[in-house]
Amino acid sequence: MSDSQVQVIAQPAEAHVHEHPPYQRHHFETYAQQNDATNFAMWLFLLTEIMFFGGLFTAYLIYRNWFYAAFVAGSHQLSIPLGGVNTLLLIVSSFTMAMGVWCAEMRKKGALVLCLSLTLLLGLGFLGIKTIEYGEKIEKHHVPGFHYSLQSFLDPSSDEAAKAAGDKPLPLDMARHTEVYFSLYFAMTGMHALHMIIGVSILAFMIVRAQAGAYTTGHVTYVENFGLYWHFVDIVWIFLFPLLYLISRH
Amino acid sequence: MTEHIEKPIDHESPEVHEREHHIVSPKIYVMILLVLLVGTAITVWASYVDLGEWHVAPGLNVFWNPVVALAIACTKATFVVLFFMHVKYGTKLTKLTIGAGVFTFLILVGMTMADYFSRAWGRW
């Protein structure tokens, strides 16, 4: 948000007439130029984020290839219905966010607040379901660390999820590698959830600002760039869902 | 000096725009939403079907399930980037930057994978 104050002082005739909206910074010639520059910067940031998540994805793919049986058994512990519902929540929240950008562009204040609020609610819904999933992992001692339990993998008949997937008992050394699966599971979904928490916090801030009319003056950059961030987080989940939940099911 | 007529800057008017701010219509957003929902349904369904494997070389098999899942994910991500993130209507600079970034990303991942998967070649 640009808060540059513009003072129009009587100037010689040939001087540049200093007239532009208050949210346009002095050093930009037009608002469009400012918007493009900010947009470009946001994309550079998102590219660094792609590299960051890319490291985690690469680690996942390599370890999955090495400890294939452990990763299959590990992924059978995740719930596709819960993961699926979360995918739907995020996709719909991306849609409401995109509609929010449209509302800002069309200067519809009420609709913008509604769209941002819906996006916030869907984001919170996602985090709520993620909490349920994490809670189940804690209960079953599937969180890597001192209390990690191999029981579901050494004796699948004792575990509902493993039994439903038709898992066979893993040898001890392979069963221990399920801890690698869950380390990566928590690192990837945890990092994604952190991005969601940051996004939801910014959304709450934006709803207050939107109510004050800050984004319906023609200054859409902030909403637009937050939208880019939110969609990026959605894209990360679009890849996390099949990799963690789906590809070891058949 | 050329005569330069200063008009009050109205950023809605195309004269002072290098590029008109393109407003994507809700209709397109709804269509993309439907594409994403259908994509999600297909990827969940496909995960329960055994799509088999492809014997590339002795000892080297490619499972189709993860390939299909990732292909669907890439398609969904492309729709999000092009329409929700307005890249289709963006500047050439933005398009080039994203293209270069994704290309670099694929090189990094591709080279790392090629290294790890070929290190023990023939010894598995």
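**Helix packing and chain contact in a predicted model**

Modeller: H4(A) and H8(A) are roughly antiparallel to each other. The model is predicted.

Biologist: Why are H4(A) and H8(A) called roughly antiparallel?

Modeller: Helix H4 (residues 109–139) of chain A and helix H8 (residues 178–211) of chain A pack at an angle of about 155°. Angles over 145 degrees count as roughly antiparallel, so H4(A) and H8(A) take that label. The axes of the two helices are 9 Å apart.

Biologist: In which hand does H4(A) pass H8(A), and which residues of the two helices meet?

Modeller: The crossing of H4(A) past H8(A) is left-handed. On the H4(A) side the residues include Leu112(A), Leu116(A), Leu120(A), Gly123(A) and Leu127(A). Among those of H8(A) are Ala193(A), Ile197(A), Val200(A), Met206(A) and Ile207(A). By class, this contact has 16 nonpolar, six polar and two charged residues.

Biologist: Is Met206(A) buried or exposed, and how do you know?

Modeller: The model places 22 other C-beta atoms within 10 Å of that of Met206(A). A residue counts as buried with 20 or more, so Met206(A) is buried. Met206(A) lies in helix H8 of chain A.

Biologist: Which residues does Met206(A) touch, leaving out those up to four places away in sequence?

Modeller: Met206(A) touches Leu116(A) and Phe226(A). Leu116(A) is also one of the H4(A) residues in the contact with H8(A). Met97(A) is 109 residues from Met206(A) in sequence, and the C-alpha atoms of the two are 12 Å apart in space.

Biologist: Turning to the other chain, what makes up the pattern of chain B, read along the sequence?

Modeller: Chain B has three helices and two strands, and the pattern runs α-β-β-α-α. Chain B is divided into domain 1 (23–85) and domain 2 (89–118). The centres of these domains, taken over C-alpha atoms, are separated by 19 Å.

Biologist: How many of the residues in chain B are buried, as a percentage?

Modeller: Of the 124 residues in chain B, 18% are buried. As for contacts in chain B between residues at least 6 apart in sequence, 44% of them join residues at least 24 apart.

Biologist: Which residues make the contact of H1(A) with H3(B)?

Modeller: From H1(A) they include Phe40(A), Trp43(A), Leu47(A), Gly54(A) and Asn65(A). From H3(B) they include Leu93(B), Gly101(B), Phe105(B), Met113(B) and Tyr116(B). By class, the contact has 16 nonpolar, eight polar and no charged residues.

Conventions
Residues are numbered from 1 along each chain as its sequence is written. Chains are lettered from A and ligands numbered from 1 in the order in which they are written. This is a predicted model: local features need pLDDT of at least 70, side-chain atom pairs count only at pLDDT 80 or more; totals for chains, interfaces and linings use all residues. Axes are lines fitted to C-alpha atoms, for helices over the stretch in contact, and angles run from 0 to 180 degrees between N-to-C directions. Helices (H or I, at least four residues) and strands (E, at least two) are DSSP runs, numbered from the N terminus. Angles under 35 degrees count as roughly parallel, over 145 as roughly antiparallel, 65 to 115 as roughly perpendicular and the rest as oblique. A crossing is left-handed if the near helix is turned anticlockwise from the far one by less than a right angle, and right-handed if clockwise. Two residues are in contact if their C-beta atoms, placed from the backbone, lie within 7 Å. Ala, Val, Leu, Ile, Met, Phe, Trp, Tyr, Cys and Pro count as nonpolar, Asp, Glu, Lys and Arg as charged, and the others, Gly among them, as polar. Domain bounds come from an automatic or database domain assignment. A residue is buried if 20 or more other C-beta atoms lie within 10 Å of its own, exposed if 12 or fewer, and partly exposed in between; C-beta atoms are placed from the backbone.
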